[in-house]
Amino acid sequence: MNYRTLGLRDKEYDAIVEGLGREPNETELHLFSVMWSEHCSYKSTRRLLRLFPKEGKSVVQGPGENAGIVDVGDGWGAAFKVESHNHPSAVEPYQGAATGVGGIIRDILAMGARPTASMDGLFFGREGARSTRRLSDGIIRGVGDYGNCVGVPTVGGKTAYDPSYDENPLVNAFCLGLVRLDRVIKSSTAAPGQVAVLIGSPTGRDGIGGAAFASVELADETKSSRPQVQIGDPFAEKLLVECCLELVELGVVVSMQDMGAGGITSSASEVAAKSGVSVVIELDRVPLREEGMAPWEIALSESQERMLLIVQKKDIELVESVAAKWGLNCASIGATTPGDRFVLKYKGNVVTDVPASLLGGECPEISWPSLSPEDLNARQSFGAEQIKPSKGWEDAVVSLLSHPNWADKSWIYEQYDHMVQINTIVGPGSPVTLLRIKPNGRFLALVMESDPWKCHLDPFSGGAETVAKGLRALVVCGAVPLGMTDCLNFPSPEKPDQFWELEEAVRGMATACREMACPVVSGNVSLYNETSKSKILPTPLVCIVGLVDSLEDFLPSGRWKEGDRLFLVGSPGGSLAGSAYQCVFSGKPRGVPIPFDAQKEKAFLERAAKTAKGRVAESGRPLVGGGLALALAKEAIESGIGARVNLDAEAKPLSLLFGEGGPRAIYAVPPDKAAAFCRIWQGFPVNRIGKVGGSELSVDGFLKIPLEKLIQAWRRP
Amino acid sequence: MKVAVVVFPGSNCDADVAHAVEVTVGASVEMVWHASEFLPAGTDLVILPGGFSYGDYLRCGAMAARSSIMKDVKRFASSGGLVLGICNGFQILTEAKMLRGAFLPNRTLSFICRPCALRVERDDTPFTLRYKAGQVVRFPIAHHEGLYYLDKDELDAMEKRRQVVFRYATPAGEVTDEANPNGALNNIAGMVNEGGNVLGLIPHPERASEPVLGSVDGALMWQSISEWIKGGGAH
């Protein structure tokens with residue numbers, strides 16, 4: 001077997017030979033090809049990921065574990081992470097999406113946390129295309145069927161359509177779990193003399209080489225990749241979650257790993273490498289569901305719903321009895337010993353014997369050449385301000401509201417159980433999801449954001465804007481941001497202009513995180529999202545978790561009341577570059593998005609926090625896709641009441657109504673609180689733009705739309 | 001009040017319903033594993049919670065209905081004890097033949113999760129004392145197989161015996177086809193057995209039992225049961 005056909009590069013092979021002091025055998029070669037794949041090793045991006053700030057006063061666990069953890073008070077932590085399942089979902093949408101949900105749940109479980117809430121970022125090709133229908137139907141059903149059955153509510157997410165995802169749909173699965181901080185499980189705590197126990201489904205050939213498959217472009221004839229997609233069983237996952245949490249509660253889990261990419265090899269070698277012990281695995285002891293599997297297939301199988309636990313010898317019987325109660329397989333498949341070896345035995349023979357730190361540690365980094373795209377000037381040059389709505393302002397608002405990217409998404413989220421576990425206070429469909437934390441009476445606020453169009457035009461600003469959008473939404477609703485997780489979805493890094501976009505986007509995100517004091521505690525990278533025909537727009541996606549101490553501190557959206565004064569805070573106009581308006585009316589993003597301005601962002605966040613804390617507003621909503629016009633329309637729709645708005649006639653109407661970018665928000669303020677509101681926003685642009693009331697949304701000189709018509713457009717009959 | 005919540009493999013609303021009865025009426029709750037043979041002594045109410053028992057892999061509720069504990073649940077019910085099956089629990093009750101009828105996939109062929117308006121048909125059952133007949137309440141629904149089915153003759157007979165306790169309705173209380181989310185015959189959302197002591201309910205009262213969750217309509221059910229038990233309904 002040639003190492004090149006397994007995807008290893010010359011330099012990597014040389015490093016393996018040097019590390020081993022000999023040539024690897026075939027089994028070892030398979031193991032390295034998976035562990036040193038882009039998907040498992042982050043070899044192209046490790047250098048970039050170091051740019052993210054990882055420290056923060058609430059950070060309990062930063063990157064490097066199965067998930068990050070932030071402190072949510074009173075001895076409790078929130079473990080969370082977002083992960084991609086793009087390649088599998090492109091090939092087998094239903095199973096790809098389902099196992100994406102299952103995989104991230106096990107990552108959270110591996111920290112000893114009870115999975116409490118999921119969110120999903122879904123990016124589909126152009127709406128109406130047959131392939132989009134097939135992919136989106138399968139993906140949405142896959143997310144729903146898995147999450148519903150396993151009993152973890154899907155409480156929010158993001159769905160967007162763009163031709164760049166025609167052949168490369170994206171599925172980013174986020175999960176958050178609650179964990180008592182004195183019960184956190186880590187992968188670095190194993191010691192010699194302990195037992196490696198495999199709990200869960202039997203091992204089969206499904207998903208072999210999945211990690212390596214996710215590390216190259218999709219072949220045009222992707223059917224041949226089907227065996228690399230895993231099959232999900234949410235019922236088995238539910239039993240596995242309950243079983244492992246019972247074992248954590250009993251205090252018998254020394255260390256725990258989920259079996260995701262790279263299967264037994266990945267989970268066992270990571271424990272060994274991080275704990276500084278050797279692990280010896282007897283592959284014959286792994287319960288199998290098919291015959292004739294080669295040792296490397298057993299070692300690399302990505303069969304779902306399995307966990308690897310490291311336990312003390314004395315606790316084995318207890319572990320077995322709990323697994324039996326839940327009807328799960330439980331096999332002692334190996335042991336830890338002193339040293340730094342990762343050893344696989346099969347039928348009495350040693351089939352692998354390599355340094356654990358070499359296999360499960362860090363493979364050589366790759367430094368791809370980076371060059372700004374030749375067409376960057378063309379992308380940024382177009383005078384976007386020129387396109388006027390041909391059918392008038394009212395039609396423009398209605399068109400945007402009924403566009404699948406900005407329309408009501410209840411047709412998706414009503415297929416997901418978003419209430420089970422009874423913590424959902426504000427569910428999907430709102431800018432921010434609010435969950436109660438039952439054990440301490442506080443509340444978690446969650447957001448998911450991305451902005452591929454702006455990242456395409458200016459990856460630095462787009463990356464920063466993506467982070468800023470999430471933080472603004474959290475702070476406007478009264479939450480204190482605690483930490484972030486991100487998923488970097490990009491095409492191949494091997495093309496210099498594409499690597500440049502990746503690099504710039506990460507620099508932008510990292511800058512925003514540092515300036516706005518938001519640590520990154522976990523994340524995932526998905527590269528090679530392209531085929532010979534198309535590639536995705538740069539799509540970094542972020543999920544940010546915030547804390548709200550009490551419901552009184554929470555400022556909702558969509559709560560306008562008759563007589564409220566409407567205020568616009570922030571610059572009156574925005575940029576049309578990469579805006580919703582531009583995407584709908586010109587089809588192509590063009591221009592220069594608003595650059596990131598740290599001072600302005602901080603000034604905004606400070607005042608937004610005071611607004612929520614001071615309880616001077618009824619309703620607040622940051623401006624995002626569709627700018628002021630869509631923010632007004634959505635507030636009116638959700639509140640069930642209209643408003644009369646009068647804008648400063650000086651500004652350019654397009655950028656005024658539909659411009660995006662930068663810190664801006666609208667607030668509805670009761671008349672008697674207006675003075676206090678303005679005091680808080682002193683030193684920041686603040687304009688009174690109208691008054692709530694009536695059954696139509698009118699903007700003097702521009703439009704007058706009955707509420708009924710707005711609702712109809714938004715619901716897309 | 002002593003409540004036994006039966007936990008099947010795949011139950012996922014067990015902790016929710018336990019929480020709801022604890023915080024609303026201070027019930028003492030015992031979680032009972034499906035493989036147990038007997039309910040705890042002194043049980044006043046048995047709850048079969050929602051979820052996906054056995055993954056819904058054969059037919060919803062079919063495997064759970066044959067669990068070891070169900071024998072004692074049947075004995076408990078036949079001696080007049082109160083049994084409440086919610087969502088998957090209702091499906092288990094029909095599979096166990098403790099309630100008549102069967103469930104088909106929703107007519108939308110999709111899972112549906114959202115708050116739903118229901119009209120209370122009877123306020124003279126142990127589960128609904130605190131409601132008023134005709135009152136409209138809001139409980140969330142979350143299911144894929146909620147289309148209640150029964151042959152016409154049996155359905156008519158059941159209606160005659162006034163076994164229907166909740167129907168899907170408009171917020172104004174009209175029982176219409178538009179207000180029926182899943183196509184259940186006669187808009188049936190909840191029904192009792194002939195003895196009135198076993199209630200099957202597709203919507204989730206435990207998701208509407210605290211002000212923070214946006215509705216306390218479900219709390220009235222726990223208060224009704226508690227009041228009935230205190231009034232000597234227990235045995």
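## A tour of chains A and B

Select residues 93-109 of chain A, helix H6. This helix has 17 residues and reaches 24 Å from first C-alpha to last, close to the 24 Å expected at 1.5 Å a residue (1.5 Å times one less than the number of residues). Helices here are DSSP runs of H or I with at least four residues, strands runs of E with at least two, numbered from the N terminus. Now colour by burial: 17 of the 17 residues of H6(A) are buried, so the helix is largely enclosed by the rest of the structure. Buried takes 20 or more other C-beta atoms within 10 Å of a residue's own, placed from the backbone; exposed takes 12 or fewer, partly exposed lies in between.

This is a predicted model: local features need pLDDT of at least 70 and side-chain atom pairs 80 or more, while totals for chains, interfaces and linings use all residues. Residues are numbered from 1 along each chain as its sequence is written, and chains are lettered from A and ligands numbered from 1 in the order written.

Next, chain B. Its secondary structure comes to five helices and 11 strands. The C-alpha trace spans about 45 × 35 × 35 Å along its principal axes. Of the 235 residues of chain B, 57% count as buried.

Finish where the chains meet. The contact takes 22 residues from chain A and 22 from chain B (C-beta atoms, placed from the backbone, within 7 Å). On the side of chain A, select H7 (130-150) and H9 (234-249), the elements that give two or more residues. H9(A) gives the most, with four residues.

Definitions and conventions: Contact = placed C-beta atoms within 7 Å.
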